[in-house]
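Student: Could we go through this protein together? I would like to learn how the words used for a structure follow from the numbers behind them.

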Amino acid sequence: MDRLYFKDKNDCSKEITSYSHTTWKGIRLYDGDSKTEYRSETAYLTPSRLYFSSNDRPAMNMVLDLKCVVLVEEEEGSILRSSKIILHLLPHISEQHSKPYTRSSASFIKLAFSNGGLSHFKICIQKSLLERAWEKHTESSSTSHSAPMAFRSGIVGIERRLQEKVENNSSSIQVAFQDMKNLIDMAKDMVQLASVMSSKIKDRHGDISDDETVKFKSYLLSLGIEDPVTRNACSSSNMFCQHLAKEITTFLLTPISDSGGFMSLSDAYCRVNRARGFELLSPEDFFQACNYMEQLNLPLTCRKFESGVLVLQLQSETNSQLEKDTETLLQARRKLTAFEVSQELGISIILAAECLYTMERKGVLCRDDTVRGLVFYHNEFSSRT
């Protein structure tokens, strides 16, 4: 902002009037990245100068000589921030003018356009900078030589700063990718370790109980899938889905068995993607692979409830077993909620609710739906008939 200076409005009126078609209202000025008190300016662009007028300064305009501008950039906005024009300026030159700021550490100013017109302004000022009309009105040879020298000096400074920014960004990107590569390598090592340890446990030697073996093996397997199936490694889409179905079954068979024989498809999808690391699956590929399970006669199958909820369940698991477990729980508690069934049987709340709804449709349960929530009771009428 120390490159701008104040000038009497009467001295500016003739030049401004000649170029009244290049006017923009609602301009906010920034000194570098910092907001200033100049928040509602009207900008007038002429071939040699950029004027700023405001009702707060009835007698004075702020002026920026275009010969001080060495680069014009556009800063893209976001949801919370408007787009802006950045004007990179030449180094400060001492002049006998009254200025808005006597000294500023910033080498650029920003213009925010609250009433629109940013793109039009950018085109107009770039055209003026290319035409360089002020050089045609130079009063002396010394001035004509000093201006290009100062301009070149400013360009060199801007280029140096931009080059430093590019180098810093490149360095940061390289470090980030190196960290990512190290993380991938570590993940591969951990998965390989899990595979080796799992194999050794199968032929275990020593005083390890069966429960400890199963638990430790489940921890190792949860670290990830060692060699995930990829579409590029398969000759066709069908082949990819079949191999993927087998991979999903192998990985989820134990967790589903431990959770009562059922798992919602959304939970299964999250578990598999977490285990696959960087080889993530799309929901469509996962769903298609699950639909192949029954065709391939795998231990798991995909099932859809009447409400539309999708689950993976053991082929050997029947609905009657889950319902029997729920009925046994009901006899001990007299009333049940989906949350209680979920906690006691180790299944998701969605699956627990589906089981209760199914038993209700069969007449085994009846509901009490109040402001306190949905509670299920044993249907005493059906048991008496």
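Student: Where is the place of T23?

Tutor: T23 belongs to strand β2, which covers residues 23–31. Keep in mind as we talk that this is a predicted model.

Student: Why does T23 count as partly exposed?

Tutor: Its relative accessibility is 28%. Buried means under 20% and exposed means over 50%, with partly exposed in between, so at 28% T23 counts as partly exposed.

Student: Which residues is T23 in contact with, leaving aside its neighbours within four places in sequence?

Tutor: T23 is in contact with T42, A43 and Y44. What makes each of them a contact is that heavy atoms come within 4.5 Å. T46 gives us a C-alpha distance to look at: it is 23 residues from T23 along the chain, and their C-alpha atoms are separated by 9.6 Å.

Student: Let's move to the helices. How many helices and strands are there in the protein?

Tutor: The protein has 11 helices and 15 strands.

Student: What two values describe a pair of packed helices?

Tutor: The angle between the two axes and the distance between them. For α5 (residues 237–258) and α7 (residues 283–291), the angle is about 80° and the axes are 8 Å apart.

Student: Why is α5 called roughly perpendicular to α7?

Tutor: Angles from 65 to 115 degrees count as roughly perpendicular. The angle here is about 80°, so α5 is roughly perpendicular to α7.

Student: Which residues meet where α5 packs with α7?

Tutor: From α5 come F240, C241, L244, A245 and I248, and from α7 come D285, F286, Q288 and A289. The residues of this contact divide into 7 nonpolar, 1 polar and 1 charged.

Student: How does α5 pack with α6?

Tutor: Helix α6 spans residues 265–275, and it packs with α5 at an angle of about 115°, with the axes 11 Å apart. The crossing is right-handed. In α5, I248, F251, L252 and P255 take part, meeting A268, R271, V272 and A275 in α6. These residues divide into 7 nonpolar, no polar and 1 charged.

Student: What makes α6 roughly perpendicular to α7?

Tutor: Their axes come within 11 Å and cross at roughly 110°. That value falls in the range from 65 to 115 degrees, so α6 is roughly perpendicular to α7. The crossing of α6 and α7 is right-handed.

Student: Which residues form the contact of α6 with α7, and how do they divide?

Tutor: L265, A268, Y269 and V272 in α6 meet P283, F286, F287 and C290 in α7. They divide into 8 nonpolar, no polar and no charged.

Student: Back to α5, where S237 is found. Is S237 buried, partly exposed or exposed, and how do you know?

Tutor: The relative accessible area of S237 is 37%. That lies between the 20% and 50% cut-offs, so S237 is partly exposed. S237 and D285 are 48 residues apart in sequence and 9.5 Å apart in space, C-alpha to C-alpha.

Student: Why is I350 called partly exposed?

Tutor: I350, in helix α10 (residues 349–361), has a relative accessible area of 47%. The exposed class needs over 50%, and buried needs under 20%, so I350 is partly exposed. From I350 to S264 there are 86 residues in sequence and 7.6 Å in space, C-alpha to C-alpha.

Student: What makes R334 exposed?

Tutor: Its relative accessible area is 56%. The cut-off for exposed is over 50%, so R334 is exposed. R334 lies in the loop between α8 (319–333) and β13 (335–336), and it has a positive phi of about 75° although it is not a glycine.

Student: What is the phi of R132, and where is R132 found?

Tutor: R132 has a positive phi of about 50°, although it is not a glycine either. R132 is found in the loop between α2 (118–131) and α3 (141–202).

Methods. Residues numbered from 1 in each chain as written. Predicted model: local features only at pLDDT ≥ 70, side-chain atom pairs only at ≥ 80, totals over all residues. Heavy atoms only, no water. Axes fitted to C-alpha atoms, helices over the stretch in contact; angles between N-to-C directions. Helix = DSSP H or I, 4+ residues; strand = E, 2+ residues; numbered from the N terminus. Parallel < 35°, antiparallel > 145°, perpendicular 65-115°, else oblique. Nonpolar A, V, L, I, M, F, W, Y, C, P; charged D, E, K, R; others polar. Left-handed = near helix turned anticlockwise from the far one by under 90°. Buried < 20%, exposed > 50% of the residue type's maximum accessible area, 1.4 Å probe, protein only.
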